[in-house]
Protein chains: 2
Amino acid sequence: MAIHKKEEFTQKEQELAAFAKAMAHPARIAILKVLAQRNECICGEIVKILPLAQSTVSQHLKELKNAGLINGNVDGPRSCYCINWKSFEKFMGEFSFLFNKLKVQNEKSCC
Amino acid sequence: MAIHKKEEFTQKEQELAAFAKAMAHPARIAILKVLAQRNECICGEIVKILPLAQSTVSQHLKELKNAGLINGNVDGPRSCYCINWKSFEKFMGEFSFLFNKLKVQNEKSCC
DNA sequence: TTATTAAATCGTATATTTGCGATATAAGAT
DNA sequence: ATCTTATATCGCAAATATACGATTTAATAA
């Protein structure tokens, strides 16, 4: 693209899009699932489970962390990740709010 | 990437990722908002509202339609779009189910 | 029929994402 | 101090997404 126009949209629109983007890859959905299922925050476990190289998984984890969907902290020689439920709920709530609210006043779709 | 590995993930993971991807751009969030707010399914209206060229908007609409998030039908010389509430609810439900369910059994995050 | 209008599609430039191997970093083990 | 193990980061190649102008398509208006 010539110029990226993302900044011409509202803050909220950009935030929701960024949240969606963080989940817009099956590998990251799979990572979130694994993190959500375990009581312990695995790290190398994810690499074993996913069909991807270690460096690629690390990159996906970084994206999820940057988006605020997961937390991570170093634990000795390894890293420990887990879902950031607060931000997750915040975004899910915003999506539901945005669309559910509107749905009520516009129940009948015209096409 | 050398080879795209998306098909190595489960069907559900791919579906959720595709849904998220459809919303992973502020322009598409904005389009969904406009469609949700109006009782009538606009078309050229969206072009007027968004800071993007007509062809670009058309492209975004196509993506939303392909992802099943909106419906569209030709109405004379113009096109009419609206939110596909059913598929929207389906996906929102799946996300909530996946993560809310897991959250209950894993309330305490370790980091 | 020809012009107008609305929207889709094509072609193309540029930006971003995805993926991997290689390398770096950092902590614990020997 | 050196080796091992776990993870992060770098550099690069290939794929995909974003954006636009130009063109096409299709329906209504003149």
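User: Which residue takes a positive phi in the hairpin of β1(A) and β2(A)?

Analyst: A word on the ground rules: this is a predicted model, in which local features need pLDDT of at least 70 and side-chain atom pairs count only at pLDDT 80 or more, while totals for chains, interfaces and linings use all residues. Residues are numbered from 1 along each chain as its sequence is written, with chains lettered from A and ligands numbered from 1 in the order in which they are written. The hairpin has two residues between its strands. The residue with a positive phi, near 65°, is A:Gly76.

User: How many bridges join β1 and β2 of chain A, and which residue stands opposite A:Asn73?

Analyst: Strands β1 (residues 70–75) and β2 (residues 78–83) of chain A run antiparallel and are joined by six bridges; two strands pair if DSSP finds at least two bridges between them.

User: What pattern does chain A follow along the sequence?

Analyst: Helices (H or I, at least four residues) and strands (E, at least two) are DSSP runs, numbered from the N terminus. Chain A has five helices and two strands. Read along the sequence, the pattern is α-α-α-α-β-β-α.

User: What share of the contacts in chain A between residues at least 6 apart in sequence joins residues at least 24 apart?

Analyst: Two residues are in contact if their C-beta atoms, placed from the backbone, lie within 7 Å. Counting pairs at least 6 apart in sequence, the share that joins residues at least 24 apart is 48%.

User: What percentage of chain A is buried?

Analyst: A residue is buried if 20 or more other C-beta atoms, placed from the backbone, lie within 10 Å of its own, exposed if 12 or fewer, and partly exposed in between. Chain A has 111 residues, and the part of them that counts as buried is 32%.

User: How far apart are the end C-alpha atoms of helix α1 of chain A, and what span should its residues give?

Analyst: The expected span of a helix is 1.5 Å times one less than its number of residues. The 12 residues of α1(A), 11–22, should therefore span 16 Å, and this agrees with an end-to-end C-alpha distance of 17 Å.

User: Is A:Glu63 buried, exposed or partly exposed?

Analyst: A:Glu63 lies in helix α4 (residues 54–66) of chain A. Leaving out residues up to four places away in sequence, A:Glu63 touches A:Ala22 and A:Arg28. With 18 other C-beta atoms within 10 Å, A:Glu63 is partly exposed.

User: What distance separates the C-alpha atoms of B:Ile46 and B:Leu35?

Analyst: B:Ile46 is in helix α3 (residues 44–49) of chain B and counts as buried because it has 22 C-beta neighbours inside 10 Å. Beyond four places in sequence, B:Ile46 touches B:Ile31, B:Val34 and B:Val57. B:Leu35 is 11 residues from B:Ile46 along the chain, and their C-alpha atoms are separated by 8.4 Å.

User: Which residues touch the most other members of the largest nonpolar core?

Analyst: A nonpolar core is a set of buried Ala, Val, Leu, Ile, Met, Phe, Trp, Tyr and Cys residues joined through C-beta atoms within 7 Å. The largest has 60 residues, and those that touch the most other members are A:Ala20, A:Ile31, A:Leu35, B:Ala20, B:Ile31 and B:Leu35.

User: Which element gives the largest share of the side of chain B that touches chain A?

Analyst: The contact involves 44 residues of chain B and 44 residues of chain A. Elements of chain B giving two or more residues include α1, α2, β1 and β2. The largest share, nine residues, comes from α5(B).

User: Which C-alpha of chain B is nearest the axis that relates the two chains?

Analyst: Superposed by least squares on the C-alpha atoms of residues with pLDDT of at least 70 in both copies, chain B can be laid on chain A with an RMSD of 0.1 Å by a turn of 180° and a shift of 0.0 Å along the axis. That is the relation of a two-fold axis. At 2.4 Å from the axis, the nearest C-alpha in chain B is that of B:Ala20.
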